[in-house]
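Student: Please take a close look at one helix and the surface around it, then move on to the other local features. Give the cut-offs as you go.

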Amino acid sequence: MSTAVASGEAEIKKYQTYHVKVDPDQDDKATEIKLCNFGRPHMRAFHCSWMGFFTAFFIWFAIAPLLPVIKKSPEEGGIGLSRQEIWTSNICSVLGTTFMRFINGPMCDKYGARILMGVLLMFASIPCALTGLVNDAASLAILRFFIGLGGSTFVCCQFWTSRMFTKEVAGTANALVGGWGNLGGGVTQLVMGSVLFPLFQTGMSVEMAWRTVCIVPAVVGFFLGLLIIFISDDAPKGNYKEMKMNGTMPEISAAASFRSGAMNINTWLLFLQYGCCFGVELTMNNAAASYFVNEFGQTVASAAAIASIFGWMNLFARGIGGYVSDKVNARMGMKGRLIWQGALLVVEGVLIFVFANTKSLAGAIVLMVIFSTIVQAAEGSTYGIVPYVNPAVTGSIAGVVGAGGNVGAVCFGLGFRQMDDLQAFYLMGGCVLASGILTAFISIKGHAGLLCGKDSEQVIAAYKRTGAPAAATTLQVPEPDAEVVEEIEGDKA
(Lines give C-alpha, C1' and ligand atoms only; values in the text may rest on other atoms or scores of the structure.)
Protein backbone atom coordinates (compact mmCIF):
# COMPACT_ATOMS: atom_id res chain seq x y z
CA MET A 1 0.00 0.00 0.00
CA SER A 2 1.22 3.52 -0.81
CA THR A 3 2.32 5.80 1.95
CA ALA A 4 0.52 9.13 2.05
CA VAL A 5 2.89 12.07 1.77
CA ALA A 6 1.94 15.38 3.32
CA SER A 7 1.50 18.14 0.78
CA GLY A 8 2.43 21.03 3.05
CA GLU A 9 0.23 23.59 4.78
CA ALA A 10 -3.52 23.11 4.50
CA GLU A 11 -4.90 25.22 1.67
CA ILE A 12 -7.82 25.20 -0.75
CA LYS A 13 -7.19 22.11 -2.84
CA LYS A 14 -8.84 18.77 -3.50
CA TYR A 15 -6.22 16.61 -1.71
CA GLN A 16 -4.28 17.45 1.45
CA THR A 17 -2.06 14.35 1.19
CA TYR A 18 -0.58 12.53 -1.80
CA HIS A 19 0.72 9.05 -2.58
CA VAL A 20 3.97 10.38 -4.08
CA LYS A 21 6.53 12.98 -3.04
CA VAL A 22 5.68 16.45 -4.33
CA ASP A 23 7.32 19.86 -4.66
CA PRO A 24 5.12 22.58 -3.06
CA ASP A 25 7.15 25.22 -4.94
CA GLN A 26 6.09 23.67 -8.26
CA ASP A 27 2.35 23.62 -7.67
CA ASP A 28 2.44 20.26 -5.80
CA LYS A 29 3.79 18.42 -8.83
CA ALA A 30 5.25 14.96 -8.22
CA THR A 31 9.02 14.55 -7.99
CA GLU A 32 8.88 10.77 -8.51
CA ILE A 33 7.09 8.20 -10.67
CA LYS A 34 5.59 5.10 -9.01
CA LEU A 35 4.52 2.90 -11.90
CA CYS A 36 2.57 0.41 -9.75
CA ASN A 37 0.61 3.14 -7.99
CA PHE A 38 -2.81 4.28 -9.25
CA GLY A 39 -3.48 6.86 -6.52
CA ARG A 40 -5.10 10.20 -7.29
CA PRO A 41 -4.21 12.66 -8.55
CA HIS A 42 -0.67 12.17 -9.97
CA MET A 43 -0.39 8.48 -10.82
CA ARG A 44 -4.08 8.16 -11.72
CA ALA A 45 -3.56 10.90 -14.32
CA PHE A 46 -0.34 9.18 -15.48
CA HIS A 47 -2.12 5.89 -16.17
CA CYS A 48 -5.27 7.49 -17.63
CA SER A 49 -3.00 9.51 -19.91
CA TRP A 50 -1.21 6.59 -21.55
CA MET A 51 -4.28 4.31 -21.58
CA GLY A 52 -6.33 7.02 -23.26
CA PHE A 53 -3.72 7.62 -25.96
CA PHE A 54 -3.17 3.87 -26.38
CA THR A 55 -6.88 3.39 -27.02
CA ALA A 56 -6.92 6.37 -29.40
CA PHE A 57 -4.26 4.54 -31.44
CA PHE A 58 -6.39 1.38 -31.34
CA ILE A 59 -9.29 3.36 -32.86
CA TRP A 60 -7.10 5.44 -35.21
CA PHE A 61 -5.24 2.58 -36.92
CA ALA A 62 -7.81 -0.21 -36.57
CA ILE A 63 -8.41 -0.13 -40.31
CA ALA A 64 -4.74 0.03 -41.41
CA PRO A 65 -3.91 -3.73 -41.27
CA LEU A 66 -7.19 -4.47 -43.10
CA LEU A 67 -6.37 -2.29 -46.12
CA PRO A 68 -4.76 -5.12 -48.17
CA VAL A 69 -8.18 -6.83 -48.02
CA ILE A 70 -10.32 -3.70 -48.42
CA LYS A 71 -8.44 -2.64 -51.58
CA LYS A 72 -9.34 -5.88 -53.41
CA SER A 73 -12.11 -6.02 -56.00
CA PRO A 74 -15.75 -6.42 -54.86
CA GLU A 75 -15.65 -10.01 -56.13
CA GLU A 76 -12.86 -10.72 -53.64
CA GLY A 77 -14.60 -9.03 -50.71
CA GLY A 78 -13.14 -5.51 -51.00
CA ILE A 79 -14.26 -2.23 -52.59
CA GLY A 80 -11.60 -1.95 -55.31
CA LEU A 81 -8.97 0.68 -54.42
CA SER A 82 -5.76 1.79 -56.14
CA ARG A 83 -2.45 2.46 -54.40
CA GLN A 84 -3.09 6.21 -54.70
CA GLU A 85 -6.54 5.91 -53.14
CA ILE A 86 -5.16 3.89 -50.24
CA TRP A 87 -2.53 6.55 -49.54
CA THR A 88 -5.11 9.31 -49.87
CA SER A 89 -7.06 7.68 -47.04
CA ASN A 90 -3.83 7.33 -45.00
CA ILE A 91 -3.12 11.03 -45.49
CA CYS A 92 -6.67 11.99 -44.49
CA SER A 93 -6.33 9.98 -41.28
CA VAL A 94 -3.43 12.15 -40.13
CA LEU A 95 -4.83 15.41 -41.53
CA GLY A 96 -7.70 15.22 -39.06
CA THR A 97 -5.27 14.76 -36.21
CA THR A 98 -3.08 17.65 -37.39
CA PHE A 99 -6.04 20.04 -37.34
CA MET A 100 -7.08 19.03 -33.82
CA ARG A 101 -3.57 19.07 -32.34
CA PHE A 102 -3.22 22.78 -33.07
CA ILE A 103 -6.53 23.37 -31.27
CA ASN A 104 -5.95 20.98 -28.36
CA GLY A 105 -2.81 22.74 -27.08
CA PRO A 106 -4.42 26.06 -26.05
CA MET A 107 -7.60 24.22 -25.05
CA CYS A 108 -5.56 22.14 -22.58
CA ASP A 109 -4.05 25.34 -21.17
CA LYS A 110 -7.55 26.69 -20.64
CA TYR A 111 -9.65 23.65 -19.69
CA GLY A 112 -7.18 20.92 -18.72
CA ALA A 113 -6.51 17.55 -20.37
CA ARG A 114 -9.02 15.27 -18.62
CA ILE A 115 -12.28 16.34 -20.29
CA LEU A 116 -10.67 16.81 -23.71
CA MET A 117 -9.16 13.32 -23.56
CA GLY A 118 -12.50 11.73 -22.70
CA VAL A 119 -14.58 13.66 -25.23
CA LEU A 120 -12.17 13.02 -28.10
CA LEU A 121 -12.10 9.28 -27.41
CA MET A 122 -15.89 9.10 -27.40
CA PHE A 123 -16.18 11.20 -30.55
CA ALA A 124 -13.60 9.21 -32.57
CA SER A 125 -15.28 5.96 -31.57
CA ILE A 126 -18.42 6.85 -33.54
CA PRO A 127 -16.89 6.97 -37.06
CA CYS A 128 -14.74 3.95 -36.16
CA ALA A 129 -17.92 1.96 -35.49
CA LEU A 130 -19.26 3.08 -38.89
CA THR A 131 -16.36 1.56 -40.86
CA GLY A 132 -18.70 -1.07 -42.26
CA LEU A 133 -20.60 1.59 -44.22
CA VAL A 134 -17.60 2.40 -46.44
CA ASN A 135 -18.26 1.64 -50.11
CA ASP A 136 -15.73 3.68 -52.11
CA ALA A 137 -12.48 5.65 -51.86
CA ALA A 138 -14.21 8.95 -51.01
CA SER A 139 -16.21 7.54 -48.09
CA LEU A 140 -13.09 5.77 -46.77
CA ALA A 141 -11.08 9.02 -46.84
CA ILE A 142 -13.84 11.01 -45.10
CA LEU A 143 -14.32 8.34 -42.45
CA ARG A 144 -10.59 8.14 -41.68
CA PHE A 145 -10.38 11.93 -41.41
CA PHE A 146 -12.94 11.97 -38.58
CA ILE A 147 -11.47 8.90 -36.88
CA GLY A 148 -8.11 10.68 -37.00
CA LEU A 149 -9.38 13.44 -34.71
CA GLY A 150 -8.86 10.96 -31.87
CA GLY A 151 -5.12 10.92 -32.53
CA SER A 152 -4.93 14.47 -31.16
CA THR A 153 -5.30 13.00 -27.66
CA PHE A 154 -1.48 12.89 -27.76
CA VAL A 155 -1.46 16.58 -26.82
CA CYS A 156 -3.71 15.87 -23.83
CA CYS A 157 -1.44 12.96 -22.90
CA GLN A 158 1.75 15.08 -22.87
CA PHE A 159 0.16 18.13 -21.25
CA TRP A 160 -1.41 16.05 -18.48
CA THR A 161 1.89 14.56 -17.29
CA SER A 162 3.63 17.94 -17.64
CA ARG A 163 0.91 19.30 -15.34
CA MET A 164 1.42 16.51 -12.80
CA PHE A 165 5.24 16.07 -12.67
CA THR A 166 8.14 18.43 -12.01
CA LYS A 167 10.69 19.32 -14.68
CA GLU A 168 13.26 16.94 -13.17
CA VAL A 169 11.12 13.92 -14.10
CA ALA A 170 8.87 15.41 -16.80
CA GLY A 171 11.06 14.11 -19.64
CA THR A 172 10.78 10.54 -18.36
CA ALA A 173 7.06 10.86 -17.52
CA ASN A 174 6.20 12.37 -20.91
CA ALA A 175 8.23 9.73 -22.73
CA LEU A 176 6.66 6.83 -20.82
CA VAL A 177 3.05 7.87 -21.38
CA GLY A 178 3.75 8.84 -24.98
CA GLY A 179 5.60 5.59 -25.66
CA TRP A 180 3.06 3.34 -23.98
CA GLY A 181 0.32 5.20 -25.84
CA ASN A 182 2.15 4.81 -29.17
CA LEU A 183 2.41 1.12 -28.33
CA GLY A 184 -1.22 1.04 -29.38
CA GLY A 185 0.00 1.27 -32.98
CA GLY A 186 1.84 -2.04 -32.73
CA VAL A 187 -0.86 -3.74 -30.69
CA THR A 188 -3.49 -2.65 -33.21
CA GLN A 189 -1.57 -4.20 -36.10
CA LEU A 190 -1.37 -7.48 -34.20
CA VAL A 191 -4.83 -7.54 -32.62
CA MET A 192 -6.81 -6.33 -35.64
CA GLY A 193 -4.82 -7.99 -38.43
CA SER A 194 -3.69 -11.25 -36.81
CA VAL A 195 -6.29 -11.96 -34.11
CA LEU A 196 -9.69 -10.27 -34.48
CA PHE A 197 -9.94 -10.26 -38.29
CA PRO A 198 -9.13 -13.99 -38.65
CA LEU A 199 -11.47 -14.70 -35.70
CA PHE A 200 -14.36 -12.84 -37.33
CA GLN A 201 -13.66 -14.67 -40.61
CA THR A 202 -14.44 -18.01 -38.96
CA GLY A 203 -18.13 -17.16 -38.74
CA MET A 204 -18.71 -14.86 -41.72
CA SER A 205 -17.44 -13.82 -45.14
CA VAL A 206 -14.23 -11.81 -45.64
CA GLU A 207 -16.23 -8.70 -46.52
CA MET A 208 -18.53 -8.97 -43.52
CA ALA A 209 -15.52 -9.57 -41.26
CA TRP A 210 -13.72 -6.32 -42.13
CA ARG A 211 -17.00 -4.39 -42.10
CA THR A 212 -17.83 -5.45 -38.53
CA VAL A 213 -14.50 -5.97 -36.73
CA CYS A 214 -13.91 -2.22 -36.12
CA ILE A 215 -16.90 -2.16 -33.76
CA VAL A 216 -14.62 -3.72 -31.11
CA PRO A 217 -12.13 -0.78 -30.77
CA ALA A 218 -15.05 1.66 -31.07
CA VAL A 219 -16.84 0.21 -28.04
CA VAL A 220 -13.61 0.07 -26.00
CA GLY A 221 -12.75 3.69 -26.87
CA PHE A 222 -16.18 5.12 -26.06
CA PHE A 223 -16.47 3.58 -22.62
CA LEU A 224 -12.85 4.36 -21.64
CA GLY A 225 -13.37 8.01 -22.61
CA LEU A 226 -16.42 8.20 -20.39
CA LEU A 227 -14.58 6.51 -17.51
CA ILE A 228 -11.55 8.85 -17.70
CA ILE A 229 -13.73 11.93 -17.19
CA PHE A 230 -15.09 10.61 -13.90
CA ILE A 231 -12.09 8.90 -12.24
CA SER A 232 -9.24 11.40 -12.70
CA ASP A 233 -8.17 15.00 -12.03
CA ASP A 234 -6.88 17.89 -14.15
CA ALA A 235 -4.07 18.96 -11.83
CA PRO A 236 -2.49 18.08 -8.46
CA LYS A 237 -4.76 20.50 -6.63
CA GLY A 238 -7.97 19.45 -8.37
CA ASN A 239 -9.97 20.20 -11.51
CA TYR A 240 -9.60 23.46 -13.40
CA LYS A 241 -13.22 24.49 -12.92
CA GLU A 242 -12.98 24.11 -9.14
CA MET A 243 -9.56 25.80 -8.97
CA LYS A 244 -10.81 28.81 -10.90
CA MET A 245 -13.86 29.08 -8.65
CA ASN A 246 -11.80 29.05 -5.44
CA GLY A 247 -9.17 31.42 -6.83
CA THR A 248 -6.20 29.03 -6.87
CA MET A 249 -5.90 29.26 -10.65
CA PRO A 250 -6.25 32.32 -12.90
CA GLU A 251 -8.48 32.39 -15.97
CA ILE A 252 -6.43 31.69 -19.10
CA SER A 253 -6.98 32.89 -22.65
CA ALA A 254 -6.59 30.07 -25.19
CA ALA A 255 -5.85 32.59 -27.94
CA ALA A 256 -3.15 34.36 -25.91
CA SER A 257 -1.62 31.01 -24.98
CA PHE A 258 -1.44 29.94 -28.63
CA ARG A 259 0.08 33.26 -29.74
CA SER A 260 2.82 33.03 -27.11
CA GLY A 261 3.71 29.47 -28.09
CA ALA A 262 3.56 30.07 -31.84
CA MET A 263 5.76 33.19 -31.70
CA ASN A 264 8.72 31.19 -30.36
CA ILE A 265 11.07 29.96 -33.12
CA ASN A 266 12.10 26.96 -31.03
CA THR A 267 8.51 25.71 -31.19
CA TRP A 268 8.76 25.45 -34.98
CA LEU A 269 12.21 23.87 -35.00
CA LEU A 270 10.87 21.15 -32.69
CA PHE A 271 7.76 20.99 -34.91
CA LEU A 272 10.01 20.02 -37.86
CA GLN A 273 12.05 17.56 -35.82
CA TYR A 274 8.98 15.84 -34.40
CA GLY A 275 7.68 15.53 -37.94
CA CYS A 276 10.84 13.56 -38.70
CA CYS A 277 10.36 11.06 -35.88
CA PHE A 278 6.67 10.71 -35.02
CA GLY A 279 5.81 11.47 -38.64
CA VAL A 280 8.02 8.54 -39.64
CA GLU A 281 6.29 6.28 -37.10
CA LEU A 282 2.83 7.17 -38.39
CA THR A 283 3.97 6.57 -41.96
CA MET A 284 5.34 3.16 -41.01
CA ASN A 285 2.09 2.31 -39.19
CA ASN A 286 0.24 2.96 -42.44
CA ALA A 287 2.81 1.45 -44.80
CA ALA A 288 4.54 -1.44 -43.02
CA ALA A 289 1.91 -4.18 -43.45
CA SER A 290 1.41 -3.42 -47.15
CA TYR A 291 5.20 -3.13 -47.65
CA PHE A 292 5.82 -6.63 -46.29
CA VAL A 293 2.96 -8.02 -48.40
CA ASN A 294 4.25 -6.40 -51.61
CA GLU A 295 8.02 -6.65 -51.06
CA PHE A 296 8.31 -10.03 -49.35
CA GLY A 297 5.08 -11.81 -50.36
CA GLN A 298 3.68 -12.18 -46.83
CA THR A 299 0.02 -12.90 -46.05
CA VAL A 300 -2.11 -10.17 -44.45
CA ALA A 301 -1.96 -11.87 -41.03
CA SER A 302 1.82 -12.43 -41.06
CA ALA A 303 2.55 -8.96 -42.50
CA ALA A 304 0.40 -7.36 -39.77
CA ALA A 305 2.28 -9.34 -37.11
CA ILE A 306 5.66 -8.23 -38.52
CA ALA A 307 4.51 -4.61 -38.88
CA SER A 308 3.36 -4.61 -35.26
CA ILE A 309 7.02 -4.93 -34.18
CA PHE A 310 7.53 -1.26 -35.07
CA GLY A 311 4.90 -0.18 -32.56
CA TRP A 312 5.91 -2.70 -29.89
CA MET A 313 9.26 -0.93 -29.47
CA ASN A 314 7.30 1.86 -27.80
CA LEU A 315 7.11 -0.37 -24.73
CA PHE A 316 10.57 0.89 -23.78
CA ALA A 317 12.18 2.94 -26.59
CA ARG A 318 10.41 6.26 -26.12
CA GLY A 319 10.89 5.99 -22.37
CA ILE A 320 14.62 5.47 -22.90
CA GLY A 321 14.74 8.58 -25.07
CA GLY A 322 13.20 10.72 -22.33
CA TYR A 323 15.15 9.04 -19.53
CA VAL A 324 18.53 9.59 -21.20
CA SER A 325 17.51 13.18 -21.98
CA ASP A 326 16.83 13.77 -18.27
CA LYS A 327 20.15 12.15 -17.31
CA VAL A 328 22.32 14.16 -19.72
CA ASN A 329 20.45 17.28 -18.62
CA ALA A 330 21.50 16.53 -15.03
CA ARG A 331 25.14 16.50 -16.18
CA MET A 332 25.28 19.09 -18.96
CA GLY A 333 22.02 21.03 -18.87
CA MET A 334 20.12 21.77 -22.08
CA LYS A 335 23.23 21.22 -24.21
CA GLY A 336 23.14 17.56 -23.17
CA ARG A 337 19.52 17.23 -24.24
CA LEU A 338 20.31 18.82 -27.63
CA ILE A 339 23.32 16.59 -28.31
CA TRP A 340 21.19 13.50 -27.61
CA GLN A 341 18.38 14.83 -29.80
CA GLY A 342 20.61 15.60 -32.79
CA ALA A 343 22.47 12.28 -32.59
CA LEU A 344 19.22 10.27 -32.57
CA LEU A 345 17.85 12.02 -35.65
CA VAL A 346 21.06 11.56 -37.65
CA VAL A 347 21.22 7.84 -36.80
CA GLU A 348 17.52 7.49 -37.65
CA GLY A 349 18.05 9.03 -41.09
CA VAL A 350 20.92 6.65 -41.87
CA LEU A 351 18.88 3.62 -40.78
CA ILE A 352 16.02 4.54 -43.14
CA PHE A 353 18.41 4.31 -46.11
CA VAL A 354 19.73 0.96 -44.89
CA PHE A 355 16.24 -0.48 -44.28
CA ALA A 356 15.04 0.54 -47.74
CA ASN A 357 17.91 -1.36 -49.37
CA THR A 358 17.55 -4.56 -47.35
CA LYS A 359 16.35 -7.43 -49.55
CA SER A 360 16.04 -10.29 -47.05
CA LEU A 361 13.00 -10.68 -44.81
CA ALA A 362 15.07 -11.51 -41.70
CA GLY A 363 17.38 -8.56 -42.27
CA ALA A 364 14.45 -6.19 -42.78
CA ILE A 365 12.85 -7.32 -39.52
CA VAL A 366 16.09 -6.89 -37.52
CA LEU A 367 16.70 -3.47 -39.04
CA MET A 368 13.11 -2.44 -38.35
CA VAL A 369 13.58 -3.25 -34.66
CA ILE A 370 16.68 -1.03 -34.45
CA PHE A 371 15.19 1.66 -36.67
CA SER A 372 11.97 1.77 -34.62
CA THR A 373 13.88 2.00 -31.34
CA ILE A 374 15.79 5.07 -32.54
CA VAL A 375 12.65 6.72 -33.99
CA GLN A 376 10.77 6.42 -30.72
CA ALA A 377 13.76 7.46 -28.59
CA ALA A 378 13.88 10.66 -30.68
CA GLU A 379 10.19 11.26 -29.91
CA GLY A 380 10.89 10.93 -26.18
CA SER A 381 13.90 13.22 -26.47
CA THR A 382 11.85 15.90 -28.25
CA TYR A 383 9.33 16.08 -25.43
CA GLY A 384 12.17 16.26 -22.93
CA ILE A 385 12.92 19.68 -24.48
CA VAL A 386 9.35 20.96 -25.03
CA PRO A 387 8.58 21.89 -21.37
CA TYR A 388 11.56 24.29 -21.30
CA VAL A 389 10.65 26.40 -24.34
CA ASN A 390 8.07 28.56 -22.55
CA PRO A 391 6.72 26.87 -19.39
CA ALA A 392 3.69 29.14 -19.03
CA VAL A 393 2.19 27.97 -22.36
CA THR A 394 3.38 24.35 -22.40
CA GLY A 395 0.01 23.13 -23.69
CA SER A 396 0.10 25.29 -26.80
CA ILE A 397 3.72 24.40 -27.56
CA ALA A 398 3.01 20.69 -27.04
CA GLY A 399 0.09 21.04 -29.46
CA VAL A 400 2.11 22.73 -32.20
CA VAL A 401 5.03 20.30 -31.86
CA GLY A 402 2.63 17.35 -31.77
CA ALA A 403 0.97 18.61 -34.95
CA GLY A 404 4.41 18.54 -36.54
CA GLY A 405 4.36 14.76 -36.27
CA ASN A 406 1.18 14.63 -38.31
CA VAL A 407 2.38 17.16 -40.86
CA GLY A 408 5.47 14.99 -41.32
CA ALA A 409 3.24 11.95 -41.83
CA VAL A 410 1.16 13.82 -44.43
CA CYS A 411 4.29 14.89 -46.34
CA PHE A 412 5.86 11.43 -46.25
CA GLY A 413 2.48 9.91 -47.13
CA LEU A 414 2.34 12.08 -50.24
CA GLY A 415 5.80 10.78 -51.11
CA PHE A 416 4.65 7.17 -50.86
CA ARG A 417 1.51 8.04 -52.82
CA GLN A 418 3.41 9.52 -55.77
CA MET A 419 6.68 7.51 -55.76
CA ASP A 420 7.69 3.90 -55.54
CA ASP A 421 8.67 2.64 -52.08
CA LEU A 422 12.44 3.00 -52.53
CA GLN A 423 12.25 6.64 -53.68
CA ALA A 424 9.81 7.46 -50.89
CA PHE A 425 12.13 5.94 -48.27
CA TYR A 426 15.04 7.97 -49.69
CA LEU A 427 12.99 11.16 -49.45
CA MET A 428 12.06 10.38 -45.85
CA GLY A 429 15.65 9.52 -44.87
CA GLY A 430 17.03 12.74 -46.38
CA CYS A 431 14.48 14.87 -44.52
CA VAL A 432 15.32 13.18 -41.22
CA LEU A 433 19.06 13.78 -41.68
CA ALA A 434 18.40 17.46 -42.42
CA SER A 435 16.22 17.78 -39.31
CA GLY A 436 19.09 16.52 -37.16
CA ILE A 437 21.19 19.49 -38.30
CA LEU A 438 18.45 21.88 -37.15
CA THR A 439 19.31 20.99 -33.54
CA ALA A 440 22.22 23.42 -33.78
CA PHE A 441 19.78 26.32 -34.15
CA ILE A 442 17.64 25.59 -31.06
CA SER A 443 18.36 28.31 -28.51
CA ILE A 444 16.21 28.52 -25.37
CA LYS A 445 16.39 31.58 -23.16
CA GLY A 446 18.58 30.99 -20.10
CA HIS A 447 20.04 27.75 -21.50
CA ALA A 448 23.16 26.90 -23.47
CA GLY A 449 22.63 25.81 -27.08
CA LEU A 450 24.99 23.76 -29.22
CA LEU A 451 26.57 26.78 -30.90
CA CYS A 452 25.81 29.77 -28.69
CA GLY A 453 24.38 30.93 -25.39
CA LYS A 454 25.15 29.79 -21.87
CA ASP A 455 23.26 28.49 -18.89
CA SER A 456 22.16 31.09 -16.35
CA GLU A 457 23.29 30.68 -12.75
CA GLN A 458 19.75 29.67 -11.79
CA VAL A 459 19.65 26.99 -14.47
CA ILE A 460 23.06 25.60 -13.48
CA ALA A 461 21.95 25.48 -9.84
CA ALA A 462 18.74 23.72 -10.85
CA TYR A 463 20.19 20.90 -12.94
CA LYS A 464 23.14 20.39 -10.61
CA ARG A 465 20.75 20.66 -7.65
CA THR A 466 22.95 23.08 -5.78
CA GLY A 467 20.25 25.69 -5.25
CA ALA A 468 16.61 26.56 -5.77
CA PRO A 469 14.98 25.46 -9.01
CA ALA A 470 15.12 27.96 -11.83
CA ALA A 471 11.84 29.71 -12.34
CA ALA A 472 12.47 29.81 -16.09
CA THR A 473 12.35 26.03 -16.33
CA THR A 474 9.50 25.23 -13.99
CA LEU A 475 6.35 23.87 -15.57
CA GLN A 476 3.55 25.99 -14.21
CA VAL A 477 0.21 27.60 -14.90
CA PRO A 478 0.65 31.16 -16.26
CA GLU A 479 0.62 33.84 -13.60
CA PRO A 480 -1.87 36.67 -14.17
CA ASP A 481 0.69 39.37 -15.02
CA ALA A 482 -0.34 42.66 -16.59
CA GLU A 483 0.47 41.65 -20.18
CA VAL A 484 -1.52 38.42 -20.01
CA VAL A 485 -4.47 40.12 -18.31
CA GLU A 486 -4.50 42.74 -21.08
CA GLU A 487 -4.56 40.02 -23.76
CA ILE A 488 -7.35 38.13 -21.98
CA GLU A 489 -9.48 41.25 -21.69
CA GLY A 490 -8.83 42.03 -25.38
CA ASP A 491 -9.98 38.54 -26.39
CA LYS A 492 -13.12 38.82 -24.28
CA ALA A 493 -13.94 42.14 -25.92
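**Helix α9 and beyond**

Tutor: F223 lies in helix α9, residues 215-231 (helices are DSSP runs of H or I with at least four residues, numbered from the N terminus). This is a predicted model, in which local features need pLDDT of at least 70, side-chain atom pairs count only at pLDDT 80 or more, and totals for chains, interfaces and linings use all residues. Residues are numbered from 1 along each chain as its sequence is written, and side-chain values use heavy atoms, with hydrogens and water left out.

F223 is exposed, at 53% relative accessibility (exposed means over 50% relative accessible area, buried under 20%, partly exposed in between, with a 1.4 Å probe and protein chains only). Together with I215, V219, F222, L226 and F230, F223 makes a nonpolar surface patch of about 580 Å².

Helix α15 covers residues 317-332. Its buried residues are A317, R318, G319, G321, G322, S325, D326 and N329. After α15 comes G333, with a positive phi near 75°.

As for cysteines, the structure holds 0 disulfides (pairs of cysteine sulfur atoms within 2.5 Å). For C157, the nearest cysteine sulfur is that of C156, 8.5 Å away; C157 is buried at 0%. For C277, the nearest is that of C276, 7.5 Å away, and C277 is likewise buried, at 0% relative accessibility.

Methods. Patches are made of residues with over 30% relative accessible area and no salt bridge: like charges are joined within 9 Å, nonpolar side chains (Val, Leu, Ile, Met, Phe, Trp, Tyr) within 5 Å. Accessible areas come from the Shrake-Rupley method with a 1.4 Å probe; for residues, only the protein chains shown count as cover. A salt bridge is a side-chain nitrogen of Lys or Arg within 4 Å of a carboxyl oxygen of Asp or Glu. Helices (H or I, at least four residues) and strands (E, at least two) are DSSP runs, numbered from the N terminus. The expected span of a helix is 1.5 Å times one less than its number of residues.
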